[in-house]
Amino acid sequence: MCLLPPFRVYSVSRYLFIASTTYDAVDATVRYLHDIPPHPYVSVFKITLPTTRQSIIEDFRVHIKALRAQVDQRQEALKDGSKLKIVAVIDALISNPGILLPWKEMTQICKEEGVWSLIDAAHAIGQEVDIDLGKVAPD
């Protein structure tokens with residue numbers, strides 16, 4: 001089952017951000033949200049395996065900064081007072097082949113770039129010790 005926050009979060013979001021390794025049900029939900037009004041854009045962060053934790057963090061930062069620049073440019077062109085938002089859906093782990101992602105660091109990068117973060121840690125329970133979403137404080 002895939003649960004996402006109330007649709008109102010996405011009605012003000014013009015960009016949804018997922019990884020190429022995002023869990024299938026979440027990926028399908030994000031793509032469904034793209035297909036219905038207000039048709040938010042979907043940006044996909046490509047994770048190519050094998051890789052390293054540090055490479056994922058660095059590549060994520062580059063991708064987020066590029067997306068942020070694109071959104072800022074589009075925001076300036078609108079000139080209608082609306083505020084474009086980015087929501088990043090971040091997995092805590094890749095189910096197959098079972099890789100823990102640096103979701104805490106990815107969440108921090110989102111904060112630095114003004115991107116809302118939503119963490120899917122359902123599959124991480126029992127795989128990662130002491131998951132504390134309150135401490136990491138995603139949106």
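**Note on the predicted model: cavity, cores, aromatic pairs and backbone**

1. Tyr23, Asp91, Ala92, Leu93, Asp120, Ala121, Ala122, His123 and Ala124 line the largest cavity, where a cavity is a set of points, on a 1 Å grid over the protein atoms alone, at which a 1.4 Å probe fits but cannot get out, and where lining residues have an atom within 4 Å of a point. The structure holds 1 cavity of 30 Å³ or more, and the space in the largest cavity comes to about 40 Å³, a volume being the space filled by probe spheres set on the grid points, which are joined across faces, edges and corners. By class, this lining has 6 nonpolar, 1 polar and 2 charged residues; Ala, Val, Leu, Ile, Met, Phe, Trp, Tyr, Cys and Pro count as nonpolar, Asp, Glu, Lys and Arg as charged, and the others, Gly among them, as polar.

2. On the basis of the values: this is a predicted model, in which local features need pLDDT of at least 70 and side-chain atom pairs count only at pLDDT 80 or more, while totals for chains, interfaces and linings use all residues. Residues are numbered from 1 along each chain as its sequence is written, and side-chain values use heavy atoms, with hydrogens and water left out.

3. The largest nonpolar core has 28 residues, of which Phe17, Phe45, Phe60, Ile64, Ile86, Ile90 and Cys110 touch the most other members; such a core is a set of buried Ala, Val, Leu, Ile, Met, Phe, Trp, Tyr and Cys residues joined through side-chain atoms within 4.5 Å. At least two residues of this core come from each of β1, α3, β3 (85–91), β4 (93–94) and α4 (103–113), the elements being DSSP runs numbered from the N terminus, helices (H or I) of at least four residues and strands (E) of at least two. The greatest contribution to this core is that of α3, with 6 residues. A second, separate core of 8 residues has Leu16, Ile18, Leu33 and Val89 among its members.

4. Phenylalanine 60 deserves a separate look. Apart from neighbours within four places in sequence, phenylalanine 60 is in contact (heavy atoms within 4.5 Å) with Phe17, Phe45, Ile90, Met106, Ile109 and Cys110. Phe60 also forms one aromatic cluster with Phe17 and Phe45.

5. Which kind of aromatic pair do tyrosine 15 and tyrosine 41 form? A search of the whole structure finds 4 aromatic pairs, with rings of Phe, Tyr and Trp (its six-membered ring) pairing if their centres lie within 6.5 Å, and with planes under 30 degrees apart counted as stacked, over 60 as edge-to-face and the rest as tilted. The ring centres of tyrosine 15 and tyrosine 41 are 4.9 Å apart and their planes are at 25 degrees, so this pair is stacked. It links distant parts of the chain, since tyrosine 15 is in strand β1 (residues 13–19) and tyrosine 41 in strand β2, 26 residues apart. Tyrosine 15, at 2% relative accessibility, counts as buried, whereas tyrosine 41 is partly exposed, with a relative accessible area of 34%; buried means under 20%, exposed over 50% and partly exposed in between (1.4 Å probe, protein chains only).

6. Phenylalanine 17 and phenylalanine 45 likewise form a stacked aromatic pair, 6.4 Å centre to centre and with 20 degrees between the planes. Phenylalanine 17 lies in strand β1 and phenylalanine 45 in strand β2, so the pair ties together parts that are 28 residues apart in sequence. Both phenylalanine 17 and phenylalanine 45 are buried.

7. Isoleucine 57, in helix α3, counts as buried at 12% relative accessibility. Not counting residues up to four places away in sequence, isoleucine 57 touches Pro102, Glu105 and Ile109. From isoleucine 57 to serine 117 there are 60 residues in sequence and 15 Å in space, C-alpha to C-alpha.

8. Two cis peptide bonds may be checked against the model. The bond from proline 37 to proline 38 is cis, with omega near 10 degrees, and proline 38 is found in the loop between α2 (24–35) and β2 (41–45). A cis peptide bond also joins leucine 49 and proline 50, with omega about 0 degrees, and proline 50 lies in the loop between β2 and α3 (53–78).

9. Positive phi values are the last topic. Aspartate 130, although not a glycine, has a positive phi of about 55 degrees; aspartate 130 lies in the loop between β6 (116–120) and α5 (133–136) and counts as exposed at 65% relative accessibility. Alanine 137, in the segment after α5, has a positive phi near 60 degrees and is partly exposed, with a relative accessible area of 36%.

Key: On a 1 Å grid over the protein atoms alone, a cavity is a set of points where a 1.4 Å probe fits but cannot get out, and a pocket is an open set with protein on both sides within 12 Å along at least five of seven lines; lining residues have an atom within 4 Å of a point.
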